[in-house]
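These entries record what I looked up in one model. I begin with the aromatic rings and then turn to the sheet, the helix and the charged side chains.

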Amino acid sequence: STINLSMEAAGLDRYSNPSQQARVCTERWLIQQIPCPACGASLEEFANNQPVADVYCKQCQEQFELKSGKHNVRSSITDGAYRTMLERITSPSCLSLFYLHYRPFNSNP
C-alpha cells in the first residue's frame, strides 16, 4: 500500500502550543499511515498520559514511543522523563522507537 506523506491539520486549532499540535498531528499520522513494523497489523493509540509509550499493536503487543521533530536527528533525542524512560528501556517489556522528522505546515519546501 501507499503511504501518504502529508499530514492533516484538521482539529489542531484547539491546541495553542505548537508542540502539542505537532504531537497530535504526528501521532494521528503514524496510526493512519504506518503498519506495525513487527507484524504488519494496524497500530492503535494508547490512552493519554501513558508513560513512555504512544502507540501499540493489538496483534503482537509491540509498544512504540514516537519522537518527532522539525530538526534532523543529531547525536541524541530529548525525552521529557529521563527516569521513566530509563525504567522502561531496562524493563522486560522493552519499547520500540519511531523518530519522525517533519516540516511545519507554514514552512516552505
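**Entry 1: basis and aromatic pairs**

How many aromatic pairs does a search of the whole structure find? I noted two. For the term I used rings of Phe, Tyr and Trp (its six-membered ring) with centres within 6.5 Å, calling planes under 30 degrees apart stacked, over 60 edge-to-face and the rest tilted.

The model is predicted, and local features need pLDDT of at least 70, side-chain atom pairs count only at pLDDT 80 or more, and totals for chains, interfaces and linings use all residues. Residues are numbered from 1 along each chain as its sequence is written, and side-chain values use heavy atoms, with hydrogens and water left out.

I looked up Phe-46 and Tyr-56 and found a tilted pair, 4.7 Å centre to centre with 40° between the planes. Phe-46 sits in the loop between β1 and β2, and Tyr-56 in strand β2, ten residues apart. Helices (H or I, at least four residues) and strands (E, at least two) are DSSP runs, numbered from the N terminus. Phe-46 has 16% relative accessibility and therefore counts as buried; buried means under 20% relative accessible area, exposed over 50% and partly exposed in between, with a 1.4 Å probe and protein chains only.

I then took Phe-64 and Phe-98, whose ring centres are 5.0 Å apart with planes at 35°, so this pair is tilted. Phe-64 belongs to strand β3 and Phe-98 to strand β4, so the pair ties together parts 34 residues apart in sequence. I recorded both Phe-64 and Phe-98 as buried.

**Entry 2: the sheet**

I traced an open sheet of four strands in the order β1-β2-β3-β4, with mixed pairing. Strands β1 (43-45) and β4 (96-101) are at the edges with a single partner strand each, so one side of each has no neighbour in the sheet. On average, neighbouring strands of this sheet are turned by 35° against each other, direction ignored. Axes are lines fitted to C-alpha atoms, for helices over the stretch in contact, and angles run from 0 to 180 degrees between N-to-C directions.

I found β1 paired with β2 (residues 55-57) in the antiparallel sense over three bridges; pairing requires that DSSP finds at least two bridges between two strands. Glu-44 stands opposite Tyr-56 in β2.

Helix α1 (residues 18-33) lies across β1, β2, β3 (63-69) and β4, and runs at about 150° to β1. Beyond its neighbours within four places in sequence, Thr-26 is in contact (heavy atoms within 4.5 Å) with Met-7, Leu-66, Ser-68, Leu-100 and Tyr-102. The side chains of Thr-26 and Ser-68 are also joined by a polar contact of 3.4 Å. That term denotes N or O atoms within 3.5 Å; within protein, one must be able to donate a hydrogen and the other to accept it, and residues adjacent in sequence count only if both atoms are side-chain atoms.

**Entry 3: salt bridges**

I searched the whole structure and noted two salt bridges, each a side-chain nitrogen of Lys or Arg within 4 Å of a carboxyl oxygen of Asp or Glu. Arg-23 and Glu-27 form one at 3.9 Å, N to O. Arg-23 and Glu-27 are four residues apart in helix α1, and therefore about one helical turn. Arg-23 is partly exposed at 35% relative accessible area, whereas Glu-27 is buried at 7%. Lys-67 and Glu-65 form a salt bridge with their closest N and O atoms 3.5 Å apart, and I recorded both residues as buried.
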